[in-house]
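Visitor: Please put the model up, and I will ask about the fold, the helices and the backbone.

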Amino acid sequence: GPPRSTPKPSSAASDVYKRQALDIGNNVVLFKNSTGLNLDFLSDPVLIIVDDVQEATVFQQKQLFNMYNECKAREGSLLVFGNVPPSQLRIRKDLLTRLSWGLVFRIHTLSENEKFQAMINYSRQRGFCLPKEVVRYVLTRRPRDLDSLLKTLHGLDLYSIETRRSVTIPLAREFFAIGLADQNSEFFSV
């Protein structure tokens, strides 16, 4: 796809994208501040993720410009995170032009109400009933980033199926107590 530039308000947003990108496969390169990178060892297609572009030195900006061109030649994708839109970056004009050609998205942290609704929507999409009191219980006992919350719900759903019980506070309490919510296995990947 076309190279993309994405402003970021915090490292949490780029961390979520990085974790998701790792699921794509071996042709993903993650790096911070445009540090040296050799693309020769990668096969096509390639996804390059650059974090904190606003901190790149002049030398690093030149490297990023070259990576942009290489990525485009390989029909790969470039995902760039920064704290402001490309038009507000103080970077080389040729790089600024390239980054402005792609799609630009503002990523914001969800409010408590948006997280609550996202959890309800996720449970509906997965086809299980998630009572509001369970949502409140999970929100007060788990990490509050959406990725962690959805993985917790996914695990709760699977655990409820395995135990043949509805998702309730007692089930969630049991799920947390036996440590299943903290397992970092593919079994619970969203």
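Visitor: What percentage of the 190 residues of the chain count as buried?
Guide: This is a predicted model, where local features need pLDDT of at least 70, side-chain atom pairs count only at pLDDT 80 or more, and totals for chains, interfaces and linings use all residues. Residues are numbered from 1 along each chain as its sequence is written, and side-chain values use heavy atoms, with hydrogens and water left out. Buried means under 20% relative accessible area, exposed over 50%, and partly exposed in between, with a 1.4 Å probe and protein chains only. Of the 190 residues, the buried share is 43%.

Visitor: In what order do the elements of the chain run from the N terminus on?
Guide: Helices are DSSP runs of H or I with at least four residues, strands are E runs of at least two, and both are numbered from the N terminus. The chain has seven helices and four strands. From the N terminus on, the order is β-α-β-β-α-β-α-α-α-α-α.

Visitor: What length does helix α2 reach from its first C-alpha to its last?
Guide: Helix α2 covers residues 58-73, 16 residues in total.

Visitor: Is Glu75 buried or exposed?
Guide: Glu75 is found in the loop between α2 and β4 (77-82). Its phi is near 60 degrees, a positive value in a residue other than glycine. With a relative accessible area of 66%, Glu75 is exposed.

Visitor: What is the relative accessible area of Arg164?
Guide: Arg164 lies in the loop between α6 (146-163) and α7. Phi of Arg164 is near 55 degrees, positive in a residue other than glycine. Arg164 is exposed, and its relative accessible area is 77%.

Visitor: Which residues in α7 do Glu133, Val134, Tyr137, Val138 and Arg141 in α5 meet?
Guide: Helices α5 (residues 132-141) and α7 (residues 169-177) pack at about 25 degrees, with their axes 9 Å apart. That makes α5 roughly parallel to α7, a class for angles under 35 degrees. Contact means heavy atoms within 4.5 Å. The α7 partners are Ile169, Ala172, Arg173 and Phe176.

Technical notes
The expected span of a helix is 1.5 Å times one less than its number of residues. Axes are lines fitted to C-alpha atoms, for helices over the stretch in contact, and angles run from 0 to 180 degrees between N-to-C directions. Angles under 35 degrees count as roughly parallel, over 145 as roughly antiparallel, 65 to 115 as roughly perpendicular and the rest as oblique.
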